[in-house]
Amino acid sequence: MSQLAEFTQQKLIRKPILAMTHVVYGYPSVTESLSWMRRLLEEGVDFIEVQFPFSDPVADGPSIVAACHKALEQTLDVDTCLSQLGELARDFPESRIVLMSYLNPMYRFGLEKLAKRASEENIQGLILPDLPIEAASQYQQACHRHNIDPVWLVTPVTPTERLTMLASQASGFLYCVARSGVTGHSSHESKAKDTSLDDYLALIKQHASAPIGVGFGLRKRSQIEQLIGKADIAILGSALLDAYNQGGQKAGIELIKELFH
């Protein structure tokens, strides 16, 4: 069992579902983004998914795209980011930090170097949503050498054969997109759609031994409660960023408490 999977299993003994929050590194400044991460960790979130910004974040909705563009007004460095996240990981051993970005900046940094540096800083998972597993053999090998989990994504429109392949290869956790589209957009879901989500997660559970994380569009406590028993991690992205934009760290923490406590 991988480090992240074991961590999740142990945490689930005490909680019905774990909380993963998303923060854009460097937004609105590096100092403030690190302060916000620290505040979330003090609140006891189980995971933080830290996004190293890229100019064309194709899987992300308008809130996260705007945050990435704002962050990129500064000169950001992957190695410095990893060092700073490593300090947080050491200060908060009861939580885990995973790094998310797109292939372009991580490829420029070097995928072998990325896995090695992540391991050195106890960043146990990496998420590259635009890297298909079919083109990822060297990346997978680097992650394996350094005991890092490459986290794969599936969506409700992923063909069944491909979904089962990705589910069977998942290690740290499998990132399950709750609906088609980009992050942040939520719809008034009908009972049919609720059933479809249940069927989708049930299919994944048949083939995945790794924990299941669900994200994209989670904004209400009822949505989190619906996932209990069907998924292991609820991932809060655009909703948390929107709350932060409207009322700063205080509003973001209030949302976390409303959804998870």
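Two helices, α10 (221–227) and α11 (238–260), each supply at least two residues of the lining of the second largest pocket, where helices are DSSP runs of H or I with at least four residues, strands are runs of E with at least two, and both are numbered from the N terminus. This is a predicted model, in which local features need pLDDT of at least 70 and side-chain atom pairs count only at pLDDT 80 or more, while totals for chains, interfaces and linings use all residues. Residues are numbered from 1 along each chain as its sequence is written, and side-chain values use heavy atoms, with hydrogens and water left out.

The lining of this second largest pocket has 16 residues, and Lys 15, Ile 17, Leu 259, Phe 260 and His 261 lie nearest the centre; a pocket here is an open set of points on a 1 Å grid over the protein atoms alone, where a 1.4 Å probe fits, with protein on both sides within 12 Å along at least five of seven lines, and lining residues have an atom within 4 Å of a point.

Turning to the sheet, we have an open one of 9 strands in the order β5-β4-β3-β2-β1-β9-β8-β7-β6, with parallel pairing, and two strands pair if DSSP finds at least two bridges between them. Because β5 (149–151) and β6 (153–154) stand at the edges with a single partner strand each, one side of each is left without a neighbour in the sheet. The partner strand β4 (residues 125–127) pairs with β5 in the parallel sense over 3 bridges, and Gly 125 stands opposite Asp 149 in β5.
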